[in-house]
Every structure is written in C-alpha cells, then in structure tokens.
Amino acid sequence: MRLRGMTQGDIPAVLAIQAAAYGQAYLEPEAVLRARLAGAPGTAWLADDGAGPCAYLVGYRSRLGRVTPLGGVFADLAGADCLYLHDLAVAPRAGGAGVAGSLVEHAHAHALAVGLGRSALVSVQGSLGFWQRRGYRVVLSSTEPAAPANLLSYPGPAYYMQRDLP
C-alpha cells in the first residue's frame with residue numbers, strides 16, 4: 001500500500017471511491033472536492049494498492065469546535081489548533097486491509113509535524129467505533145437538541161469528536 005498526497009488529477013478516482021463507500025445522502029459534488037483540495041492541498045492523501053487508488057483522507061487545519069457542514073468548502077484556517085479530518089473513504093476492494101487506519105496515522109503524523117497537537121472530525125454512517133478505537137471521544141451529537149446547524153447537515157446520527165495527539 002502506498003500513501004501519497006492527492007492531486008486534482010485524482011478527483012475522478014476519489015469520486016468513484018466516494019460513490020462506492022458512502023450512501024447517496026453523503027455524496028459531495030466534484031466542484032466541492034476540487035475546491036477543498038485547492039484550499040488545503042497539504043492535508044489530502046490517497047492510498048494506492050497497486051491496482052490504483054483505493055482510499056483517501058481529506059482534512060484541513062482548523063480550530064477545535066468548528067464543524068464543517070456536509071458539502072461545505074474549507075481552507076486552512078489562520079490560528080489553527082487542530083487537524084480536522086472531514087472525509088475518509090475506502091473502496092470495498094480494500095476493506096479490512098488496514099488502509100483506513102494507515103491514512104489516519106499518516107494524518108496524525110502530519111499534524112504533529114506542523115505543530116498541531118489535536119484532531120477533530122464528524123463521525124457518520126456507523127463509524128463511531130472506528131474513531132473511538134483511535135482515541136477520539138464524542139464532544140457533541142446531532143441527537144442532542146442543541147446541536148449546531150452544521151452537525152445537523154449530516155443525515156442520520158452524526159458525532160463531533162476530538163482527540164489529543166501523542
């Protein structure tokens with residue numbers, strides 16, 4: 001498995017992985033993916049299993065407590081204190097091969113290398129246990145009456161999670 005930075009040329013493969021990994025309600029448009037990559041190019045990674053791209057992880061430098069809505073465009077924020085992981089998807093052919101964990105570890109190493117000691121994300125589609133096993137804890141849930149509007153933009157239960165990086 002080879003991990004590398006994502007490029008604009010990878011977007012067709014990213015769209016295919018997204019379509020295979022997510023339910024229809026979670027699919028984000030090509031224009032949004034391209035804008036995100038342009039806004040935060042150093043925090044988007046792709047995994048290649050020899051047969052081509054099989055997984056990706058996209059994030060950006062953010063601030064704790066900031067929740068990116070589904071379909072929202074982002075860019076690295078001045079005064080960032082965390083690496084926000086917005087989108088992790090694995091093609092079915094690579095499921096169970098550990099590629100998701102490898103991408104997350106790679107992102108954590110990057111965060112530490114650039115001076116970010118925390119990470120945050122929104123867990124959806126039943127991924128809560130995956131993130132909890134990686135040290136994330138729920139800070140806010142879309143099932144709470146006072147959940148921010150951005151968290152409520154995700155269909156189904158959504159959980160804003162954070163963790164300190166070692």
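Let's start at the hairpin of β2 and β3, where four residues sit between the strands. Have a look at Gly-50 there: it takes a positive phi near 95°. Keep in mind as we go that this is a predicted model.

Now walk back into strand β2, residues 44–48. Are its residues covered or open? Mostly covered, with five of its five residues buried. In a regular strand, the side chains alternate between the two faces of the sheet. You can follow that here: Ala-44, Leu-46 and Asp-48 point one way from β2, while Trp-45 and Ala-47 point the other way. Both groups are buried.

So who are the neighbours of β2? On one hand we have strand β1, residues 2–5, which pairs with β2 in the antiparallel sense over four bridges. If you'd like to find that pairing on the screen, look for Leu-3, whose bridge partner in β2 is Ala-47.

Okay, let's zoom out. How many strands form the sheet? Seven, and the sheet is open, in the order β1-β2-β3-β4-β5-β7-β6. Its pairing is mixed. At the edges you find β1 and β6, the latter being residues 137–141, and each of them pairs on one side only. From one strand to the next, the twist averages 25°.

Next, the helices. Helix α1, residues 11–21, packs on the sheet and touches β2, β3 and β4. Its direction makes about 100° with that of β3. Helix α3, residues 99–113, packs on the sheet as well, and it touches β1, β2, β3, β4, β5 and β7. The direction of α3 makes about 160° with that of β4.

What should its 15 residues span at 1.5 Å a residue? They should span 21 Å, and the end C-alpha atoms are 21 Å apart, so the two agree.

Which residues of α3 are buried? Val-99, Ala-100, Gly-101, Leu-103, Val-104, Ala-107, His-108 and Ala-111.

Notes
Residues numbered from 1 in each chain as written. Predicted model: local features only at pLDDT ≥ 70, side-chain atom pairs only at ≥ 80, totals over all residues. Heavy atoms only, no water. Buried < 20%, exposed > 50% of the residue type's maximum accessible area, 1.4 Å probe, protein only. Helix = DSSP H or I, 4+ residues; strand = E, 2+ residues; numbered from the N terminus. Pairing = 2+ DSSP bridges. Axes fitted to C-alpha atoms, helices over the stretch in contact; angles between N-to-C directions. Contact = heavy atoms within 4.5 Å. Expected span 1.5 Å × (residues − 1).
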